[in-house]
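Keep the structure open while reading.

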Amino acid sequence: MKERTRAKVAATVAAATLNTQVLKVTDLDEGTVYRIRALMRHGRVDGFDCHSEHHFKGMSSHSMNFYDYETKAHVHLKLVGSKILGYDLATETAFNGQVHGRLINLYDYETEQTYRFTV
């Protein structure tokens with residue numbers, strides 16, 4: 001999964017679980033700050049990546065799935081309690097993780113690494 005897609009997933013999860021607008025996402029291991037905005041509206045994510053200048057938007061109020069206009073692909077995303085389950089159709093890669101307040105951990109099966117984000 002692309003690094004910016006991981007950051008969008010983290011922003012979406014944080015916006016949903018914290019019930020707030022996310023303005024940036026920080027990769028704790030790399031120190032990279034992603035200027036990504038995300039907000040849940042009527043149960044759907046409405047997001048914007050300020051760097052790539054592309055939107056990402058939820059397709060349904062029944063799931064956290066979103067369409068990433070940068071990669072031109074859907075990202076399937078499900079939250080079960082604090083567990084994150086998902087699949088990125090752009091890279092055909094599964095991912096999972098956990099959310100703990102403002103900390104989001106994602107394991108990417110493509111890179112076989114865990115990524116830690118905070119908002």
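## Sheet, helix and rings

Phe56 has Asp68 of E6 as its bridge partner. The model is a predicted one. Strand E5 (residues 54-58) and E6 run antiparallel and are joined by 3 bridges.

Asp68 also faces the next strand: Ala73 in E7 stands opposite Asp68. Here strand E6 (residues 66-68) meets strand E7 (residues 73-80) through 3 bridges, again antiparallel. The two strands form a hairpin with 4 residues between them. In that turn, Lys72 has a positive phi of about 60°.

E7 then pairs with strand E8 (residues 83-88), antiparallel, through 6 bridges.

| Strand pair | Bridges | Direction |
|---|---|---|
| E5 and E6 | 3 bridges | antiparallel |
| E6 and E7 | 3 bridges | antiparallel |
| E7 and E8 | 6 bridges | antiparallel |

What is the order of the strands in the whole sheet? The sheet is open, has 11 strands and runs E2-E1-E11-E10-E9-E8-E7-E6-E5-E4-E3, with antiparallel pairing. Strand E2 (33-34) and strand E3 (36-41) are the edge strands, each pairing on one side only. Helix H1 (residues 3-18) packs on this sheet.

Now the rings. The structure holds 3 aromatic pairs. One of them is Phe56 with Phe66, a tilted pair at 5.3 Å centre to centre and 55° between the planes. Phe56 lies in strand E5 and Phe66 in strand E6, so this pair ties together parts that are 10 residues apart in sequence.

Another pair is Tyr107 with Tyr109, which is edge-to-face: 4.8 Å centre to centre, with 85° between the planes. Tyr107 is partly exposed, at a relative accessible area of 25%. Tyr109 is also partly exposed, at 44% relative accessibility.

One charged side chain also meets a ring. Which residue lies over the face of Tyr115? Arg6 does, at 3.7 Å from the ring centre.

Notes: Residues are numbered from 1 along each chain as its sequence is written. This is a predicted model: local features need pLDDT of at least 70, side-chain atom pairs count only at pLDDT 80 or more; totals for chains, interfaces and linings use all residues. Side-chain values use heavy atoms; hydrogens and water are left out. Two strands pair if DSSP finds at least two bridges between them. Contact means heavy atoms within 4.5 Å. Axes are lines fitted to C-alpha atoms, for helices over the stretch in contact, and angles run from 0 to 180 degrees between N-to-C directions. Rings of Phe, Tyr and Trp (its six-membered ring) pair if their centres lie within 6.5 Å; planes under 30 degrees apart count as stacked, over 60 as edge-to-face and the rest as tilted. Buried means under 20% relative accessible area, exposed over 50%, partly exposed in between (1.4 Å probe, protein chains only). A charge sits over a ring if NZ of Lys or CZ of Arg is within 6 Å of the ring centre and within 35 degrees of the ring normal.
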